[in-house]
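Have the structure open as you read.

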Amino acid sequence: MCYGRFRNVATDGLRPPAPPPPTNHSILTTRTHARILEGQTVIVPGTDLTGAFRDQYTRTYRHMLLARVLEDRLAAVYRAGGKIVGGVYVGRGQEAFSAALGVQLRKGHDVYGPLIRDQAGRIAFGEPILDAIRTYLGSIKGPMRGRDGNIHRGRPREGMPPMISHLGSFTAVINGMLMARRLQGREAERAVGGTGIGDGGLSTGAFHEALNQAAVERLPLVVAVANNQYAYSTPTSRQFACHDLIDRARGYGVRGQVVDGTDLAACLKAFTDAVQRARAGEGPQVVIGKLLRLSGHGEHDDASYVDPALRKGQAGRDCLEVAQTFLLDQDWATAAELSAWQREAESEVDAAFAIVYREALPDPYQESWQALSRADLVEGSSHAGPEL
Ligand SMILES: Cc1ncc(C[n+]2csc(CCOP(=O)(O)OP(=O)(O)O)c2C)c(N)n1
């Protein structure tokens, strides 16, 4: 593969964007169109843009789109009140970075530990959107059988453990799953473990321990660090004093890359490289995505603390709109196709909600409230698992 010579992928930071040719794409909102064009990815001469990359890009874009449509609907249902108890946490603006890792991993073979903003990665990995809707709406048919209200769901049998909220610790869980395979003598399978974390989570002791362990053990771990500029309302200036987060990887002897997290092409290249290296036995890999969380921490948070200048800058671009412009400029999709994909995603989400609205919530008098971690509940016959 030699599609890897896109601008905006650099191990030493982001370069200023070159001005792209003017375009006129009706699918894009005019509000952000000019800004997207300003930073549009430019393909350098000699880049191979044939088949495989085009296919992967298009596929990943559609995963991102589905995630956005799904999360917008979940947010709307939450705001309407009555159906979703607890919070709704979305990955708006982080879909490219998230999906670009998820799409590299093979369900049932690799390990994937998605975090709070990784709905797009989950979809790219192969989690059905029914899992998300069932969990948020508390359906008895959900992967957590109505016990969890939002994002702590998984499919352990398929290599995706339920997310845990304790920041930093999930990386150690993924390490553990990789170590288990090693101890079982399964290293020849060359499974990779991918997981996400935010700039805030990176400050935890648990994460430092986990990364150090992965480095020392040379585990095939890929960590996607979404530097979305805020940990809740804490800006990065109050989070770390090093020049760049990549220094953290270097400090542990781990290979790292920094990527423009709003640019799907750059994200795909970075994660393709990172996963290939981890699979080849080169040890853990860190990919840091520069982007901005385009929503609040959760839908209850208006994000009024976000610096408006960040929203106008490169990190504040909407990765979905960047990808749309790229698809049109490359002639990989027409505006009509983009609209059709949008409608398809909306229909898919409509259909899934219609299914879940008909499903029961757990009956507290009938349910066995034993822990779901019990193997016979999660992995065995008493729980057939969620419908696909
Ligand atoms: C160990 C730990 N400390 C605090 C929290 C509470 N908490 C939940 S999310 C969050 C902010 C996380 O920020 P970041 O890691 O940057 O991810 P982002 O939400 O920006 O995607 C905090 C402090 C937690 N879940 N775990």
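## A covered helix

Let's start with helix 3, which is mostly covered: 8 of its 8 residues are buried. Here a residue is buried if 20 or more other C-beta atoms lie within 10 Å of its own, exposed if 12 or fewer, and partly exposed in between, with C-beta atoms placed from the backbone. The buried residues of helix 3 are Glu95, Ala96, Phe97, Ser98, Ala99, Ala100, Leu101 and Gly102. Helices (H or I, at least four residues) and strands (E, at least two) are DSSP runs, numbered from the N terminus.

This is a predicted model: local features need pLDDT of at least 70, side-chain atom pairs count only at pLDDT 80 or more, and totals for chains, interfaces and linings use all residues. Residues are numbered from 1 along each chain as its sequence is written.

## Helix 3 against helix 2

The axes of helix 2 (residues 51-80) and helix 3 (residues 95-102) come within 9 Å and cross at roughly 125 degrees. That angle makes helix 2 oblique to helix 3. On this scale, angles under 35 degrees count as roughly parallel, over 145 as roughly antiparallel, 65 to 115 as roughly perpendicular and the rest as oblique. Axes are lines fitted to C-alpha atoms, for helices over the stretch in contact, and angles run from 0 to 180 degrees between N-to-C directions.

Which residues make the contact? Helix 2 brings Thr60, His63, Met64, Ala67 and Arg68, while helix 3 brings Glu95, Ala96, Ala99 and Ala100. Two residues are in contact if their C-beta atoms, placed from the backbone, lie within 7 Å. The contact residues divide into 5 nonpolar, 2 polar and 2 charged. Ala, Val, Leu, Ile, Met, Phe, Trp, Tyr, Cys and Pro count as nonpolar, Asp, Glu, Lys and Arg as charged, and the others, Gly among them, as polar.

## Helix 3 against helix 9

The axes of helix 3 and helix 9 (residues 264-279) also come within 9 Å, crossing at roughly 30 degrees. Ala96, Phe97, Ala100 and Leu101 of helix 3 meet Leu264, Cys267, Leu268 and Phe271 of helix 9. This contact has 8 nonpolar residues, no polar and no charged.

## A buried strand

Strand 3 (residues 193-198) is mostly covered too, with 6 of its 6 residues buried. Gly193, Thr195 and Ile197 point one way, and Gly194, Gly196 and Gly198 the other way.

Strand 3 runs parallel to strand 2 (residues 111-113), joined by 3 bridges, and parallel to strand 4 (residues 221-227), joined by 6 bridges. Two strands pair if DSSP finds at least two bridges between them. Val111 has Gly193 as its bridge partner in strand 3, and Gly196 has Ala224 in strand 4.
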